[in-house]
Amino acid sequence: MTQKIVIGVDIGTTSTKAIAIDVKGRVLAHHAVDYPLLRPEPAAAEQDPQQIFEAVTTVIQSCAAQCRAKQADTQVLAVSFSAAMHSLIAIDGDDQPLTHSITWADNRAAPWAERIGAEWDGLAIYRRTGTPIHPMSPLAKLVWLRHEKPELFARTRRFVGIKEFVFHRLFGQWVVDHSIASATGLFNLERLDWDEGALVMAGIEADQLATPRPTTDSLRGLPASLAESLGLPADTPFVLGANDGVLSNLGVNAIQRGEVAVTIGTSGAMRCVVDRPLTDAEGRTFCYALTQDHWVVGGPVNNGGIILRWVRDEFAAAETETAKRLGIDPYEVLTRIAERVSPGAEGLLFHPFLAGERAPYWDARLRGSFFGLGMHHGKEHMIRAALEGVIFNLYSILPAVEAVAGTSRAIKATGGFARSPMWRQMMADVFNRDVIVPESFESSCLGAAVLALYALGHVESLDVVADMVGATHRHSPDPESAALYDQLKPVFLSLPHKLQDEYRTLAAFQQRVGSRALNSSQ
Ligand code: ADP
């Protein structure tokens, strides 16, 4: 019998990955290709688009070949795409890139994002486009290029993202799915087309951007040479797909009402699915498209697992040494030390804003602090407070997400933090909700593949993902711990608002002193 497969590709910031699944969601093959993030100047974070295109063709070719090696009679029903959001590439009149792909992590547009927010009615643009005003967004990057690199800006025929670049290399067409478009800050969510006001601010015309199309649309007709090198028939449908965040929600089976996906890797994010575009009156949450009747509302945080890494590197040299000698993961040693202290760290709070913060504050000038230190607090309290601070920080987004998307019931938790049973239980206790850890293997690739099955009519709805993704751990809140956390939440949540002026003064001081130190060392 013919083996029917779908290949889901995720074009990420450090690698491009692909998986091949059958129509039941079983993973039959996977492949990843890494590439560097380029930092030609301190605030820059770029990638070589040609290198990424080559990674994309390699992973597709490899997954198809692996499946055929297992069963010669294999039919590739579709190839479908996830990609990192917010990338921007300037393209000339001969369709050649004039810049690298400027990624979400690039911070050079920061002063312009601030002006858009403070002086140019950024909130109104956010409410139409669903993308928070931030240097990550292509809108802010365009304003930056327009003002600071006017020659390049004038020479540019069109501005595209990395997925558009890949589709153009494959099919010779400039198309963008509604999901990637909805994360540009230039796309009107209600009209599903480029937003006039945002285009005026960016200083470009709509024909300088790709043509927006539904995420379920597909292109066929690969050139013969490409079809041959990929090992696919030329008429294989390539589904446009969506962005990596919304597809991750699908890939961890968090698409039902009331289900919230929370990821804590190096950074973190909270997301849930609603049935129409919804934005926040205060600009705290994003809203990105998955399909025309599935939209994802949520917020990203800078300060996730990176905080535990900082604790490990700055405070726990001795513990790390011991862990290494015993062959144990240092993170495990740290979470065990934190377990010696009761929930709430005996009244010690830690605000983890070491890298400023995105949702819900969107303020790069926030700074971290321990609050409530007493003589009875030791290192173990500080470690516990840091772990709790990361969870409280994600919890801080919940009121904004619930204000937009309605009450949440359960959490689907993913990312490196979920390796720790105590950190998972802490999440259940702080959120006072059940925490379920889904079996997530390359969730954005799986999401892309499931979207393709739906787009091409092989399954009736996206709900099939529930049969494909099981659970590896479940935690219910402990009432006593939850009650303790309930007493601390208001203090944790109110401080960042009360200290706004102080954060600003201190951040400015750090910048002055930091730049003097930098200058004197040159
Ligand atoms: P990325 O987001 O870069 O893909 P991961 O999802 O692997 O990274 O998350 C990395 C983070 O996960 C680390 O910074 C650390 O905070 C956390 N982590 C990893 N292993 C453990 C562990 N055994 N216990 C607790 N936390 C862990």
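Histidine 178 sits in helix α7 (residues 178–181), where helices (H or I, at least four residues) and strands (E, at least two) are DSSP runs numbered from the N terminus. This is a predicted model, in which local features need pLDDT of at least 70, side-chain atom pairs count only at pLDDT 80 or more, and totals for chains, interfaces and linings use all residues. Residues are numbered from 1 along each chain as its sequence is written, and side-chain values use heavy atoms, with hydrogens and water left out.

**Around histidine 178**
- Histidine 178 counts as buried because its relative accessibility is 8%; buried means under 20% relative accessible area, exposed over 50%, and partly exposed in between (1.4 Å probe, protein chains only).
- Leaving aside residues up to four places away in sequence, histidine 178 touches several residues, including Phe187, Leu192, Pro212 and Gln292; contact means heavy atoms within 4.5 Å.

**The sheet**
- Six strands form an open sheet with mixed pairing, in the order β3-β2-β1-β5-β14-β13; two strands pair if DSSP finds at least two bridges between them.
- At the edges are β3 (27–34) and β13 (218–219), each pairing on one side only.
- Strand β14 (residues 238–243) pairs with β13 in the antiparallel sense, over two bridges.
- Across from phenylalanine 238 in β14 stands leucine 219.

**Helix α20**
- Valine 513 belongs to helix α20 (residues 500–520).
- With a relative accessible area of 35%, valine 513 is partly exposed.
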